[in-house]
Amino acid sequence: MIQSSLQNVDSRRLHVGIIMDGNGRWAQARGWPRVEGHRAGAGAVRRVVEAAPGMGIGVLTLYAFSSDNWRRPSREVETLMRLFRVYLRTETERCIANGVRIDMIGRRDRLSLRLCSAIEAAEAATIGGKTLHMRIAVDYSSREAILRAAARLNGAGEVTREAFSRELGDPNGRAVDVPDVDLLIRTGGEQRLSDFLLWESAYAELIFTKRMWPDFDASDLAGAVDEFYRRERRFGGLTESAKAL
Ligand code: FPP
(Lines give C-alpha, C1' and ligand atoms only; values in the text may rest on other atoms or scores of the structure.)
Protein backbone atom coordinates (compact mmCIF):
# COMPACT_ATOMS: atom_id res chain seq x y z
CA MET A 1 0.00 0.00 0.00
CA ILE A 2 1.36 3.41 -0.90
CA GLN A 3 1.09 5.76 2.04
CA SER A 4 2.98 8.94 2.82
CA SER A 5 4.35 9.03 6.35
CA LEU A 6 3.69 12.77 6.29
CA GLN A 7 0.06 11.82 6.91
CA ASN A 8 1.18 10.01 10.03
CA VAL A 9 4.09 11.87 11.46
CA ASP A 10 4.27 15.59 12.04
CA SER A 11 7.32 16.44 9.95
CA ARG A 12 8.19 19.39 12.20
CA ARG A 13 9.26 16.96 14.87
CA LEU A 14 12.89 15.81 14.93
CA HIS A 15 14.39 12.91 13.06
CA VAL A 16 16.99 11.33 15.34
CA GLY A 17 19.32 8.56 14.17
CA ILE A 18 21.22 6.43 16.69
CA ILE A 19 24.26 4.21 16.14
CA MET A 20 23.82 1.88 19.11
CA ASP A 21 27.41 0.94 19.86
CA GLY A 22 29.15 -0.56 22.88
CA ASN A 23 27.03 -3.63 23.66
CA GLY A 24 29.95 -6.05 23.41
CA ARG A 25 32.31 -3.96 25.54
CA TRP A 26 29.57 -3.38 28.13
CA ALA A 27 29.17 -7.14 28.55
CA GLN A 28 32.89 -7.92 28.43
CA ALA A 29 33.56 -5.34 31.16
CA ARG A 30 31.29 -7.46 33.38
CA GLY A 31 32.94 -10.72 32.37
CA TRP A 32 29.84 -11.76 30.42
CA PRO A 33 29.51 -13.02 26.83
CA ARG A 34 29.03 -10.26 24.26
CA VAL A 35 25.49 -11.41 23.48
CA GLU A 36 24.44 -10.35 27.01
CA GLY A 37 25.26 -6.82 25.92
CA HIS A 38 22.87 -7.15 22.98
CA ARG A 39 20.14 -8.43 25.31
CA ALA A 40 20.65 -5.44 27.60
CA GLY A 41 20.73 -3.24 24.48
CA ALA A 42 17.19 -4.32 23.61
CA GLY A 43 16.14 -2.86 26.99
CA ALA A 44 17.74 0.44 26.06
CA VAL A 45 15.77 0.42 22.78
CA ARG A 46 12.52 0.08 24.77
CA ARG A 47 13.47 2.99 27.07
CA VAL A 48 14.39 5.27 24.19
CA VAL A 49 11.28 4.48 22.13
CA GLU A 50 9.13 5.25 25.15
CA ALA A 51 10.89 8.54 25.92
CA ALA A 52 11.37 9.89 22.38
CA PRO A 53 7.89 11.31 21.62
CA GLY A 54 7.95 13.38 24.83
CA MET A 55 11.14 15.06 23.58
CA GLY A 56 9.70 16.23 20.27
CA ILE A 57 11.10 13.31 18.28
CA GLY A 58 8.87 12.16 15.41
CA VAL A 59 11.22 9.77 13.61
CA LEU A 60 13.78 7.54 15.28
CA THR A 61 16.13 5.46 13.10
CA LEU A 62 18.12 2.84 15.02
CA TYR A 63 21.17 1.11 13.52
CA ALA A 64 20.70 -2.46 14.72
CA PHE A 65 22.72 -4.53 12.22
CA SER A 66 24.94 -3.28 9.44
CA SER A 67 25.55 -5.25 6.27
CA ASP A 68 29.15 -5.60 7.51
CA ASN A 69 27.96 -7.22 10.76
CA TRP A 70 27.47 -10.52 8.87
CA ARG A 71 31.21 -10.95 9.41
CA ARG A 72 30.66 -11.55 13.14
CA PRO A 73 30.69 -15.06 14.64
CA SER A 74 27.56 -16.98 13.64
CA ARG A 75 26.45 -17.40 17.27
CA GLU A 76 26.40 -13.63 17.76
CA VAL A 77 24.57 -13.08 14.45
CA GLU A 78 21.97 -15.73 15.34
CA THR A 79 21.41 -14.18 18.77
CA LEU A 80 20.93 -10.75 17.23
CA MET A 81 18.44 -12.06 14.64
CA ARG A 82 16.51 -13.84 17.39
CA LEU A 83 16.50 -10.66 19.50
CA PHE A 84 15.04 -8.66 16.61
CA ARG A 85 12.32 -11.26 16.09
CA VAL A 86 11.46 -11.47 19.79
CA TYR A 87 11.48 -7.67 20.07
CA LEU A 88 9.01 -7.34 17.19
CA ARG A 89 6.77 -10.07 18.57
CA THR A 90 6.72 -8.80 22.14
CA GLU A 91 6.68 -5.05 21.47
CA THR A 92 4.11 -4.77 18.68
CA GLU A 93 1.13 -4.55 21.06
CA ARG A 94 2.83 -1.87 23.14
CA CYS A 95 3.73 0.02 19.96
CA ILE A 96 0.11 -0.07 18.77
CA ALA A 97 -1.03 1.21 22.17
CA ASN A 98 1.55 4.01 22.13
CA GLY A 99 1.04 5.03 18.49
CA VAL A 100 4.49 3.84 17.40
CA ARG A 101 4.83 2.88 13.75
CA ILE A 102 7.51 0.25 13.11
CA ASP A 103 9.44 0.08 9.85
CA MET A 104 12.47 -1.99 8.92
CA ILE A 105 14.99 -0.50 6.52
CA GLY A 106 17.71 -2.55 4.89
CA ARG A 107 17.92 -5.67 2.76
CA ARG A 108 15.47 -8.46 3.44
CA ASP A 109 16.68 -11.09 1.00
CA ARG A 110 19.35 -12.37 3.43
CA LEU A 111 17.05 -12.49 6.48
CA SER A 112 15.27 -15.67 7.55
CA LEU A 113 11.67 -16.18 6.50
CA ARG A 114 10.64 -16.15 10.19
CA LEU A 115 12.24 -12.76 10.72
CA CYS A 116 10.74 -11.40 7.47
CA SER A 117 7.26 -12.51 8.54
CA ALA A 118 7.75 -10.91 11.98
CA ILE A 119 8.82 -7.66 10.27
CA GLU A 120 5.87 -7.68 7.88
CA ALA A 121 3.43 -8.43 10.71
CA ALA A 122 4.83 -5.64 12.91
CA GLU A 123 4.82 -3.15 10.05
CA ALA A 124 1.25 -3.98 9.05
CA ALA A 125 -0.05 -3.90 12.62
CA THR A 126 1.54 -0.54 13.46
CA ILE A 127 1.09 1.31 10.16
CA GLY A 128 -1.46 3.70 11.71
CA GLY A 129 0.97 4.87 14.44
CA LYS A 130 1.12 8.67 14.55
CA THR A 131 3.18 9.36 17.66
CA LEU A 132 6.56 8.02 16.61
CA HIS A 133 7.93 6.49 13.42
CA MET A 134 10.54 3.97 14.55
CA ARG A 135 12.78 2.67 11.79
CA ILE A 136 15.06 -0.24 12.59
CA ALA A 137 18.00 -0.66 10.23
CA VAL A 138 18.86 -4.34 9.76
CA ASP A 139 21.26 -5.63 7.08
CA TYR A 140 21.65 -1.96 6.26
CA SER A 141 24.38 -0.22 4.29
CA SER A 142 23.86 3.40 3.36
CA ARG A 143 26.18 3.20 0.36
CA GLU A 144 24.31 0.15 -0.95
CA ALA A 145 20.97 1.90 -0.38
CA ILE A 146 22.23 4.90 -2.37
CA LEU A 147 23.44 2.66 -5.20
CA ARG A 148 20.12 0.79 -5.32
CA ALA A 149 18.12 4.04 -5.37
CA ALA A 150 20.35 5.37 -8.15
CA ALA A 151 19.83 2.16 -10.14
CA ARG A 152 16.03 2.40 -9.71
CA LEU A 153 16.09 6.02 -10.91
CA ASN A 154 18.36 5.27 -13.84
CA GLY A 155 16.68 6.61 -16.98
CA ALA A 156 14.22 8.72 -14.97
CA GLY A 157 15.56 11.94 -16.53
CA GLU A 158 16.48 14.82 -14.26
CA VAL A 159 16.61 13.64 -10.65
CA THR A 160 16.13 16.24 -7.93
CA ARG A 161 17.46 15.92 -4.38
CA GLU A 162 13.88 15.58 -3.16
CA ALA A 163 13.10 12.77 -5.63
CA PHE A 164 16.29 10.98 -4.63
CA SER A 165 15.51 11.35 -0.91
CA ARG A 166 12.03 9.93 -1.51
CA GLU A 167 13.50 6.98 -3.39
CA LEU A 168 15.96 6.30 -0.56
CA GLY A 169 13.16 6.45 2.02
CA ASP A 170 11.28 3.81 0.08
CA PRO A 171 13.66 0.85 0.01
CA ASN A 172 10.94 -1.77 0.32
CA GLY A 173 8.46 -0.45 -2.17
CA ARG A 174 6.39 1.67 0.23
CA ALA A 175 6.40 5.40 -0.40
CA VAL A 176 7.61 7.02 2.81
CA ASP A 177 8.61 10.66 3.06
CA VAL A 178 11.10 10.71 5.90
CA PRO A 179 12.71 14.05 6.67
CA ASP A 180 16.51 14.33 6.73
CA VAL A 181 18.24 13.42 9.98
CA ASP A 182 18.40 16.36 12.39
CA LEU A 183 20.46 14.73 15.11
CA LEU A 184 22.75 11.72 14.85
CA ILE A 185 23.93 10.12 18.09
CA ARG A 186 26.61 7.46 18.40
CA THR A 187 27.18 5.73 21.73
CA GLY A 188 30.23 3.70 22.75
CA GLY A 189 32.93 6.36 22.31
CA GLU A 190 33.83 5.87 18.62
CA GLN A 191 33.49 8.87 16.31
CA ARG A 192 32.51 7.62 12.85
CA LEU A 193 29.39 7.08 10.74
CA SER A 194 29.96 3.44 9.78
CA ASP A 195 27.86 3.57 6.59
CA PHE A 196 24.70 4.83 8.36
CA LEU A 197 22.28 7.31 6.70
CA LEU A 198 25.06 9.09 4.77
CA TRP A 199 22.79 10.99 2.36
CA GLU A 200 20.11 11.69 4.95
CA SER A 201 22.63 13.09 7.49
CA ALA A 202 24.16 15.71 5.18
CA TYR A 203 23.32 18.49 7.68
CA ALA A 204 22.74 16.43 10.82
CA GLU A 205 24.21 17.57 14.10
CA LEU A 206 26.53 14.83 15.36
CA ILE A 207 26.79 13.85 19.00
CA PHE A 208 29.25 11.20 20.14
CA THR A 209 28.98 9.92 23.68
CA LYS A 210 31.17 7.52 25.64
CA ARG A 211 28.06 5.98 27.23
CA MET A 212 27.76 2.30 26.21
CA TRP A 213 24.41 1.60 24.52
CA PRO A 214 23.00 -0.73 27.23
CA ASP A 215 23.41 2.15 29.75
CA PHE A 216 21.82 4.77 27.49
CA ASP A 217 18.58 6.07 28.96
CA ALA A 218 15.97 8.81 28.71
CA SER A 219 18.20 11.36 30.45
CA ASP A 220 21.01 10.73 27.94
CA LEU A 221 18.54 11.23 25.08
CA ALA A 222 17.21 14.41 26.70
CA GLY A 223 20.80 15.68 27.09
CA ALA A 224 21.51 15.06 23.39
CA VAL A 225 18.28 16.83 22.33
CA ASP A 226 19.14 19.81 24.59
CA GLU A 227 22.61 19.97 23.02
CA PHE A 228 21.00 19.86 19.55
CA TYR A 229 18.84 22.90 20.37
CA ARG A 230 21.87 24.76 21.72
CA ARG A 231 23.66 24.38 18.39
CA GLU A 232 23.15 26.84 15.60
CA ARG A 233 22.17 25.20 12.31
CA ARG A 234 23.14 27.37 9.36
CA PHE A 235 22.83 24.85 6.47
CA GLY A 236 25.78 26.53 4.77
CA GLY A 237 24.34 30.05 5.15
CA LEU A 238 25.12 32.81 7.65
CA THR A 239 23.55 33.87 10.91
CA GLU A 240 21.61 37.16 10.92
CA SER A 241 24.39 38.85 12.96
CA ALA A 242 27.13 37.63 10.59
CA LYS A 243 25.15 38.91 7.55
CA ALA A 244 25.10 42.40 9.10
CA LEU A 245 28.94 42.56 9.25
C1 FPP B 1 26.98 -2.59 18.32
O2 FPP B 1 27.65 -2.92 19.50
C3 FPP B 1 25.63 -3.11 18.38
C4 FPP B 1 25.12 -4.01 17.51
C5 FPP B 1 25.88 -4.56 16.38
C6 FPP B 1 23.75 -4.53 17.69
C7 FPP B 1 22.70 -3.58 18.14
C8 FPP B 1 21.57 -4.38 18.62
C9 FPP B 1 20.83 -4.13 19.72
C10 FPP B 1 20.91 -2.90 20.50
C11 FPP B 1 19.92 -5.22 20.14
C12 FPP B 1 18.49 -4.94 20.14
C13 FPP B 1 17.98 -4.17 19.00
C14 FPP B 1 16.68 -4.11 18.68
C15 FPP B 1 16.24 -3.25 17.58
C16 FPP B 1 15.67 -4.88 19.39
P17 FPP B 1 28.95 -3.82 19.41
O18 FPP B 1 28.56 -5.23 19.64
O19 FPP B 1 29.68 -3.55 18.15
O20 FPP B 1 29.73 -3.29 20.65
P21 FPP B 1 31.30 -3.18 20.81
O22 FPP B 1 31.75 -2.05 19.93
O23 FPP B 1 31.45 -2.86 22.26
O24 FPP B 1 31.89 -4.51 20.43
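This is a predicted model: local features need pLDDT of at least 70, side-chain atom pairs count only at pLDDT 80 or more; totals for chains, interfaces and linings use all residues.
The phi angle of aspartate 139 is near 50°, a positive value in a residue other than glycine. Most residues other than glycine have a negative phi. Aspartate 139 has a relative accessible area of 1% and is therefore buried, since the cut-off for that word is under 20%.

Serine 194, however, has a relative accessible area of 31%, so it counts as partly exposed.

The elements that give two or more residues to the shell around the ligand are α1 (23–28), α2 (34–51) and α3 (74–98), and α2 provides the largest share, with 5 residues. Sorted by class, this shell holds 9 nonpolar, 6 polar and 4 charged residues. Of the 19 residues around the ligand, those that come nearest are Met20, Asp21, Arg25, Arg34 and Arg72.

Several distances describe how oxygen atoms of the ligand stand to the protein. In the side chain of aspartate 21, an N or O atom is 2.9 Å from an oxygen atom of the ligand, while for glycine 24 a backbone N or O atom lies 3.1 Å from a ligand oxygen. For arginine 25, too, a backbone N or O atom is concerned, and here the distance to an oxygen atom of the ligand is 2.7 Å. On its own the ligand has 620 Å² of accessible area, and the protein covers 93% of that.

Methionine 20, one of the residues that come nearest to the ligand, is placed in the loop between β1 (14–19) and α1. Its relative accessibility is 16%, and methionine 20 therefore counts as buried. Along the chain, methionine 20 and arginine 234 are 214 residues apart, and their C-alpha atoms are separated by 27 Å.

The last stop is helix α3, in which threonine 79 has its place. The side chain of threonine 79 reaches the backbone oxygen of arginine 75 at a distance of 2.9 Å. With a relative accessible area of 5%, threonine 79 is buried.

Notes:
Residues are numbered from 1 along each chain as its sequence is written. Side-chain values use heavy atoms; hydrogens and water are left out. A residue is near a molecule or strand if one of its heavy atoms lies within 4 Å of it. A polar contact is a pair of N or O atoms within 3.5 Å; within protein, one must be able to donate a hydrogen and the other to accept it, and residues adjacent in sequence count only if both atoms are side-chain atoms. Accessible areas come from the Shrake-Rupley method with a 1.4 Å probe; for residues, only the protein chains shown count as cover. Helices (H or I, at least four residues) and strands (E, at least two) are DSSP runs, numbered from the N terminus. Ala, Val, Leu, Ile, Met, Phe, Trp, Tyr, Cys and Pro count as nonpolar, Asp, Glu, Lys and Arg as charged, and the others, Gly among them, as polar. Buried means under 20% relative accessible area, exposed over 50%, partly exposed in between (1.4 Å probe, protein chains only).
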